[in-house]
Every structure is written in C-alpha cells, then in structure tokens.
Amino acid sequence: MSTLEIKGLVTSVAGKQILNGIDLVVHSGEVHAVMGPNGAGKSTLSAVVMGKPGYVVTAGEVLLDGVDLLALPAWQRAQAGIHLVMQYPSEVPGVSLVDMLTEAFGARGRDTEGLPAAIDAEAERIHFPTALLDRSLNVDLSGGEKKRNETVQLALLEPKFAILDELDSGLDIDALRDCARRVEDATNDTDMGVLAITHYNRLLAELHPDFVHILVKGRIVASGGPELADQLERDGYEAFTDGAPDDAPATSSYDDLFAV
Ligand code: ADP
Ligand code: MG
C-alpha cells in the first residue's frame, strides 16, 4: 500500500499565487476526482506534483510514502512511481513508443525482452491501431489517438499513482470509455491510485471515483463521495464559488458549504 500526500501546497506561477493551500491524500487503489472550473489551478496541481519547471512552491509538501517528491527532478518522480497523463500530450519527433518505453523500462531495471509484444497487446486492448505504433510519439495523431497512446504507456509502466489531467479532453465517447476502463483495470490489477482531474462528469461515469473534490480558485472547497459530482452537475460551480470569496478560508466539508 502506497500513499501520495499533498499537504498545505501553495504554488505561484509567473509571480501569481495559483494554489492556495491544497491538502489531498490518495492511497493505492483509490480513485480521487478533482473537479473545477477553467483556471481553478487543476493543471497547475498536476504540474507541481510531477515537477514541471516554472512552478514555485512557497509552502507545503508532496510526499510519496513519506519521500519528499518536491526535492526530486521529474524523471526521478516518474521512477518513484508517479505518472502524469498531460491534458495536451507532447509530440516527440524522432522517438517512437517502443524507444521511449525501452528507455523507461531500462531505467527501472525491468526486462525489455517481451516489450514489443506487450505494447501490441495493450494497443489492441484499448483499440489503438497497431499501425500507428511505429510513428514518432504522438506526432500526427488525433486527440483521441494521443490519449490512447498515453494510456498504453500508463498501462505498461504500472505506476503507483497516475495523475490524469483532463483525460477526457479531445476524446470521443468510445475513446473515453476505452481509456477510462483501462485505467480502472489498473486500479484493480496493480492497485494503482488515481488523481483524475476533470471539469466534466462524463469521465466519472466511466472511471468510478471513490472520492470527489471540488477545486475553486486554488482551494479545495468541498470533498465527498461520487454524489458530489452529481450535485455539481445539477448546481454548477457557482454553488461552490458563492460564499468562497478570494480571501475567505477554504471550506473543507460538503456539509458546511450547504449549511444555512
Ligand atoms: P485549470 O487547469 O484549472 O484550467 P491552470 O492550472 O491551467 O487551470 O491555470 C490556473 C491559473 O494559472 C490560470 O489563471 C492560468 O492563466 C495561470 N497559469 C498556469 N500556468 C501558467 C504559466 N505557465 N504562466 C502563467 N500563468 C499560468
Ligand atoms: Mg487544465
């Protein structure tokens, strides 16, 4: 059992404070959804946990089984077991999927002998055309194909925790179902923990979250079970933004927020 712990995380980007104190704990096998409107800081949260340059952490910690992730470069965080599926996956001309995974397996001391066959099997499992596997990573792929390609990587790398930054963006319903099901299988097969960032409910209909958190203006203003996503669908983010002005302390419980 592993634990990813985000404690009091405050982060600035380009001189502006974007995350205003985030607390979140994800255990192996759990699916946590973080939902929030545009500009709430969702991608910032994923970037800070993964170690994208340019984000200045001014307070707080991110711990993986007690190890300070913020002290490590992104590649060491990946080796420690964190995997980010970016909202807009990067294109890497000249590097194929098998090249990339061979390096990644090598760096982890994993045997690469059966890798090409394993890639083919994963691709078929999520309906990613094997004819596209020889292309440079994500180059000339549609939005949906990129996310399927990223999901193949995720499935083979078997991280302890996956952060999905709007896995649903650019995906049609079929691709969404295939990718979400593969992620959910990993939570059962390898006990992967998931932090699924989204602003629509439709991902959550496929990837059943155990916990839902609402992120508004760099703060988690409510946490609960899947019913919180249904509440959000009915009432919109405004219900959560009201009463949580910029300088108000974050409301941390669903009950408090709707108390009269
Ligand atoms: P979300 O993913 O929830 O839509 P983001 O985390 O992408 O939100 O952005 C939150 C805020 O931080 C926005 O106001 C955005 O303009 C700002 N921001 C994010 N990244 C950068 C950056 N690299 N440079 C400047 N501003 C940024
Ligand atoms: Mg975003």
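A polar contact is a pair of N or O atoms within 3.5 Å. I note this cut-off before the entries, and I note also that the model is predicted.

**Entry 1: polar contacts of the ligand**

A backbone N or O atom of Gly39 lies 2.7 Å from an oxygen atom of ligand 1, so the pair falls within the 3.5 Å limit. I then found a polar backbone atom of Gly41 at 3.0 Å from a ligand oxygen atom. For Ser43, the corresponding distance from a polar backbone atom to an oxygen atom of ligand 1 is 2.9 Å. I also looked up the cover: ligand 1 has 560 Å² of accessible area on its own, and the protein covers 61% of this area.

**Entry 2: the shell**

I recorded 13 residues surrounding ligand 1, and Lys42 and Thr44 are among the closest. By class, I listed six nonpolar, five polar and two charged residues in this shell. Which elements each supply at least two residues of the shell? I found that they are β2 (16-27) and α1 (42-50). The most is given by α1, with three residues.

**Entry 3: the nonpolar cores**

I turned to the largest nonpolar core, which has 31 residues; Leu164, Leu207 and Ile214 have the most contacts inside it. Several elements each supply at least two residues of this core, including β9 (161-165), α6 (173-189) and β11 (211-216). Of the elements, α6 gives the most, with six residues. I followed Leu164 and found that it touches Val85, Val183 and Leu207, among others. I noted finally a second, separate core of 24 residues, which includes Leu9, Val62, Ile197 and Ile220.

Terms used:
Residues numbered from 1 in each chain as written. Chains lettered and ligands numbered in written order. Predicted model: local features only at pLDDT ≥ 70, side-chain atom pairs only at ≥ 80, totals over all residues. Heavy atoms only, no water. Near = heavy atom within 4 Å. Polar contact = N/O pair within 3.5 Å; in protein donor to acceptor, adjacent residues only side chain to side chain. Areas by Shrake-Rupley, 256 points an atom, 1.4 Å probe, with all protein chains shown as cover. Helix = DSSP H or I, 4+ residues; strand = E, 2+ residues; numbered from the N terminus. Nonpolar A, V, L, I, M, F, W, Y, C, P; charged D, E, K, R; others polar. Core = buried A, V, L, I, M, F, W, Y, C linked by side-chain atoms within 4.5 Å. Buried < 20%, exposed > 50% of the residue type's maximum accessible area, 1.4 Å probe, protein only. Contact = heavy atoms within 4.5 Å. Lists of a residue's contacts leave out its neighbours within four places in sequence.
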